[in-house]
Structures are given as C-alpha cells and as structure tokens.
Amino acid sequence: TQKVVHMITGEVSYKLAVYQNQFYVLLSSALFGLLSLRLSSSFGVPSRHALILGLSTQLLYQTFPVNLFYYTGIYPSAVLMIFLMIFLIELIKIYRNDKIVVASNDKILFISVFMMAYVDLYSTIIFVFFFLFVLHVLDGSLLSNIKLTRNLIAPLGLALVLFIIQLIWVKFYFDATFVSSTLSFRTGFDGDNIKYLTHANLIFHRIRQGSMVYQWYPLMGFCVVSAIIYWALNIFQLGKEKLPIILFLASVGIYLPYALFFTQSVVIHAKMHDPYMVAPLILIGFSMLPASLEQRNQFQGYYVFLFAILAFFFSMYNIRLFALEYPTFINMY
C-alpha cells in the first residue's frame, strides 16, 4: 500500500500506516466478537444476549492497551489473531454440523492455518501440535477426520517450505548474512539472568513494570478468577460440553506452550505476546462464564448485562493505561 501511495504522491503516508495498523486490530476484534457470539449461542444464550456478549468481548479486545499501542506499528500477533479467530469460528461451525467437514470448511481451515504460519511460523507450529494433542485427549473422533488433519499439517508444511525458499533466495541472491538470537537465549537455557529469572517474570517483571500498557493486572486478575469459577461450576460437565473447553484450550495454545519453552523471548517481547495471552482470558471471563451462569438462570439476561457493564469498565481502564503511557497520541485528537 505504501508503494502504491509513493508512486502516486512521491511521499510515504504515515496516516495510511496508522489506518492499516488499526484495521488489523479492528478486524481481529470484530472476529473475536463473532467467535464469542457463536460460543455463547452454543450454551443456549438467546441471540440478543449473545450479541451483547460478543460486542463486550470485541470492545475489550479492541481497547486492550497493547492493541492500542499497535497504532504506531504492528507485530505479527496483530495479523495472526485475525486468522486464529477465523480458525476457531470454523471449528464451531464444524461441531454444529455434526463434525462434518465440507469443501468450504476445507478451504477456510487451510488458508487460516497457512496464514497463521506465514505470519508467525514458530508460534503456529507449536499451536498446531498442541491443538492436535487437545483433540487427541478430548475428541478423537474429530481428530480422526482426515480432512481436518490434512488442513492442519499441509498448510503448516507449505508455509515452512515457503519460509525456507525465501531464506535461500535472500541468502544467495543478496549474499546476506543472517543474524539472530540463539535457541539457548530464546529459551533462557543460556543461564543468563539479566533478562529474567523465573517463569513468574512472564507476569511480574521490570519490563512489564516499565510500561503502563503492560500493566493490565485488574483485567488479568478478574479473568483468572472468572476461569476458576467457570471450571468449579462445570467440573462435572466437562465430558458433555467439549466444544467450550476445546475452543478455550485452542486459544491458550497460541500463547502458553510457546511461553513455557521460549520464556525469555516472551518476557522481552511482551508487545508481541500479550495479545495472545489476553484472548483466552477474555473468552472465558466475558463469554464462557456469563453464558454458563445464564444457563443456570434460565437465560434471564441479568448476568449478560452485568458482564457487559464490567467489560465497559475494563475497556475504559485499558484506554486510561494507554493514555498514561502515550499521552501525546491522545492529545492529537
């Protein structure tokens, strides 16, 4: 887009960059809201109430402080989340159709996994194998579907081959020298304690304390408590209600396995990985829990509106965090 604008005007458009950066966040947030709506509907929540929950999760994710920071420039997570949401939405459609994967599902699943891998290869590799493990444990019948398995492994392999071809082309065409961090540094296995000490530093660390956009502790704490309440209420229903737990664990899979192994990388690059962390927390805290409570309350809507009010409060809190860290951006408008 910048090349086209430069050809026409002879200049680089910073405003275009801002619009494009925020478009990615807007699109992923809208898809997140759609995912929440369809997940809430699977609990039996009436359409109008499911819509409110969907809008609440969209608002929370779009005003997430790190996503607001993407105003200045995007990380791969801003784009990957678009295709992760599409993948999870398709998974709901497959479940609603008795796990039958039709041609349209084939194409969308293939494209979504390929684009995830193209944007963030290493996180997607771990995500795919974690997701396969989740299906193996929770729903072997879905895993045995050859089409679904093909649409996980094949696009991942295609993205990997494309990545290797690009590296080879750059190496020999431009005679480039590749410089990057070592595996031991990314994992923290090099023994260096300058960047972080333990896995607790994923949450509590001077890097997080050094920027207000990382200090979304109230939202984090609320969602963790909500998750505990949800699992406590549904501990005896896990065998019956497989779809919510599969979706939740799939969304966790883009963050947790990578964070546990490549800890130092995640600690240093919180702007990259915090959107991965917050997505499953918002999903269980503002979609799964209120939908489950509504299920027990004959869908009267009280919990829906309560959590919608809480979502609005936390969104205002998120914007405040961003404004404290980057007041000049707020003042521009």
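Q: Let's start with Lys-93. Buried, exposed or in between?
A: Lys-93 is partly exposed, with a relative accessible area of 30%. Keep in mind that this is a predicted model.

Q: Which residue does Lys-93 pair with in a salt bridge?
A: Its partner is Glu-90. The side chains meet with N and O 3.0 Å apart.

Q: How far apart are Glu-90 and Lys-93 along the helix?
A: They sit 3 residues apart in helix H5, which covers residues 76–96. That puts about one helical turn between them.

Q: And Glu-90, buried or exposed?
A: Glu-90 is buried, at 4% relative accessibility. The cut-off for buried is under 20%.

Q: How many salt bridges are there in total?
A: The count comes to 3.

Q: OK, what does Arg-150 pair with?
A: Arg-150 forms a salt bridge with Asp-106, at 3.5 Å from N to O. Arg-150 belongs to helix H9 and Asp-106 to helix H6, so this pair ties together parts that are 44 residues apart in sequence.

Q: How open are those two, Arg-150 and Asp-106?
A: Arg-150 is partly exposed, at 44% relative accessibility. Asp-106 is buried, at 12%.

Q: What about Arg-208, which residue is its partner?
A: Asp-274. The closest N and O atoms of that salt bridge are 2.9 Å apart. This pair also links distant parts of the chain: Arg-208 is in helix H11 (residues 206–209), Asp-274 is in helix H16, and they are 66 residues apart.

Q: Are Arg-208 and Asp-274 buried or exposed?
A: Both are buried.

Q: How does the lining of the largest pocket divide by class?
A: There are 13 nonpolar residues, 7 polar and 2 charged.

Q: How much space is in the second largest pocket?
A: About 270 Å³.

Q: Which residues lie nearest its centre?
A: Val-224, Phe-248, Val-252, Met-277 and Leu-281, out of 13 lining residues. Two or more lining residues come from each of helix H12 (217–234), helix H13 (242–252) and H16.

Q: What classes are in the lining of that second largest pocket?
A: It has 13 nonpolar residues, with no polar and no charged ones.

Q: Which helix gives the largest share of the patch?
A: Helix H17, residues 302–325, with 3 residues.

Q: Where does Ile-319 lie, and how accessible is that residue?
A: Ile-319 lies in helix H17. It counts as partly exposed, at 31% relative accessibility.

Q: What stands out about the phi of Gln-298?
A: Phi of Gln-298 is near 55 degrees, a positive value in a residue other than glycine. Phe-299 also has a phi near 55 degrees, again positive and not in a glycine.

Q: Where is Gln-298 found, and where is Phe-299?
A: Gln-298 is in the loop between H16 and H17. Phe-299 has its place in the loop between H16 and H17 too.

Q: Are they buried or exposed, Gln-298 and Phe-299?
A: Gln-298 is exposed, with a relative accessible area of 59%. Phe-299 is partly exposed, at 25%.

Q: Last one. Which helix holds Ser-41?
A: Helix H2, residues 14–42. Ser-41 is partly exposed, at 24% relative accessibility.

Q: How far is Ser-41 from Tyr-14?
A: Their C-alpha atoms are separated by 41 Å. Along the chain, Ser-41 and Tyr-14 are 27 residues apart.

Notes:
Residues are numbered from 1 along each chain as its sequence is written. This is a predicted model: local features need pLDDT of at least 70, side-chain atom pairs count only at pLDDT 80 or more; totals for chains, interfaces and linings use all residues. Side-chain values use heavy atoms; hydrogens and water are left out. Ala, Val, Leu, Ile, Met, Phe, Trp, Tyr, Cys and Pro count as nonpolar, Asp, Glu, Lys and Arg as charged, and the others, Gly among them, as polar. On a 1 Å grid over the protein atoms alone, a cavity is a set of points where a 1.4 Å probe fits but cannot get out, and a pocket is an open set with protein on both sides within 12 Å along at least five of seven lines; lining residues have an atom within 4 Å of a point. Grid points are joined across faces, edges and corners, and a volume is the space filled by probe spheres set on the points. Helices (H or I, at least four residues) and strands (E, at least two) are DSSP runs, numbered from the N terminus. Buried means under 20% relative accessible area, exposed over 50%, partly exposed in between (1.4 Å probe, protein chains only). A salt bridge is a side-chain nitrogen of Lys or Arg within 4 Å of a carboxyl oxygen of Asp or Glu.
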